[in-house]
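These notebook entries record what I looked up, residue by residue. The structure is shown first, and my entries follow.

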Amino acid sequence: MGSPVLRLVTQRIALGILLLFAVSVLIFAGTQALPGDVAQSILGQAATPEALANLRRELGLNDPAILRYFQWLGGILTGDLGTALTSRQEITVTLMPRLWNTLFLAFWAAVTSVPLAILLGLLAVHYRNGPIDKLISATTLATISLPEFFIGYLFILFFAVKLQWFPSISTVYDGMPFLEELKAIVLPATTLVLVVLAHMMRMTRAAILNVMQSAYIETAELKGLSAFGVIRKHALPNAVAPIINVVMLNLAYLVVGVVVVEVVFVYPGVGQYLVDHVAKRDVPVVQAVGLIFAAVYIGLNIAADVGAIIANPRLRHPK
C-alpha cells in the first residue's frame, strides 16, 4: 500500500464529503417543500392566527430558508442536531438510544446474513447447474420477490400468533437481559436477513463464476486440486473485491432500509422514530434522521470502495 492507494482513498473520502454536503442541501430543500404547517400541527386546528404567528416567530419559521439552512448545517458540524419542534427536546438525546437499537438489529442481521450468503454462494458454485444450485437460486429468488412488510406479517402470523414462539411486538429497553433482547429481535432480524441474503448470495456466485473462467483456475484444476479446493484457495480470494462491494451495499441497506421492518414490528429504532415525526411534521427530526441515513450509506459505500482498492491489485495500480 503505497501512495497510489493513499491518493485513491483520499479521493474517495473527499468525494463522499462533497456528496454528503449535496445531500444535506437536498434534504433541507425537500423538507421545506413538505405540505402542512408545523405550528398548526403543534397548536391544533383551534389555534388563533395570533398564536400561530407567535409560534412561527419563536420557531424561526419566518427566517429566510438559506439562513435556516446554514444555521442547521452549523449545528450539525458542531454535533448539535437541533431541537424537536413537537417535544422541545434535544434531538441528540432522544435519537441516540434509538440509533443504538437500529444498529443492534442491523448488526445481528448482518452477522447472520453475510456468512450465510457467502457459504450459499460457494455451495451454488460448487454444485453449479445441479439440483442444489437450482434449489438455492429458486429459494433466494422467492424471498427477494416478496416485500419485507409481507414477510414480516407472515412471521407474526405463524411464529407470534399461531405458534407463540416469539413476541409480535419487538420491544427492547435499557437494562433488558441480553437473551431477551435477542429473542425480541428474532423476527425483524430474520426478515432483514431474507431481504438481503438473495442479493449477496447471487452476487457472490456470479463473482466466483467469473473468476472460474480464468486460465490460472484451469491450471489449478490440472494440478489435481479438488473442485472445492480450487474455489476456496484460488477463486474466492480473487473474487473478494466485488463481494466486498455487494456486502457493504447490503449492510448500508440493513441500516437505512429498516424503516418498514421497524414499523411492522413496532421496534423502537430510528425508522419508527422517523415515521412518528413525519406524521407530526417535525421538520428538524426528519432532517436529522435523513442526514444520518445518508451519512451511513455514503460511509459504507466509501468503505466498500476502499476495501475493493486494497483487495484488487488492478485498482491499487490504475493505468
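I first looked up the contacts of Leu120, contact meaning heavy atoms within 4.5 Å. Leaving aside residues up to four places away in sequence, Leu120 touches Ile136, Leu197 and Met201. The model is a predicted one, in which local features need pLDDT of at least 70, side-chain atom pairs count only at pLDDT 80 or more, and totals for chains, interfaces and linings use all residues. Residues are numbered from 1 along each chain as its sequence is written, and side-chain values use heavy atoms, with hydrogens and water left out.

I then placed Leu120 in helix α5, residues 91-126. Helices (H or I, at least four residues) are DSSP runs, numbered from the N terminus.

Is Leu120 buried or exposed? I noted that Leu120 counts as buried because its relative accessibility is 18%. Buried means under 20% relative accessible area, exposed over 50%, and partly exposed in between, with a 1.4 Å probe and protein chains only.

I also checked Leu120 against Thr204: the two are 84 residues apart in sequence, and their C-alpha atoms are 8.7 Å apart in space.

Next I turned to backbone angles. Gln164 is not a glycine, yet I found a positive phi of about 55° for Gln164. I located Gln164 in the loop between α7 (148-162) and α8 (178-212). With a relative accessible area of 63%, Gln164 is exposed.

My last entry concerns Val266, which has a positive phi of about 50° although it is not a glycine. Val266 lies in the loop that runs between α12 (259-264) and α13 (270-279). I recorded Val266 as partly exposed, at a relative accessible area of 43%.

Technical notes:
Helices (H or I, at least four residues) and strands (E, at least two) are DSSP runs, numbered from the N terminus.
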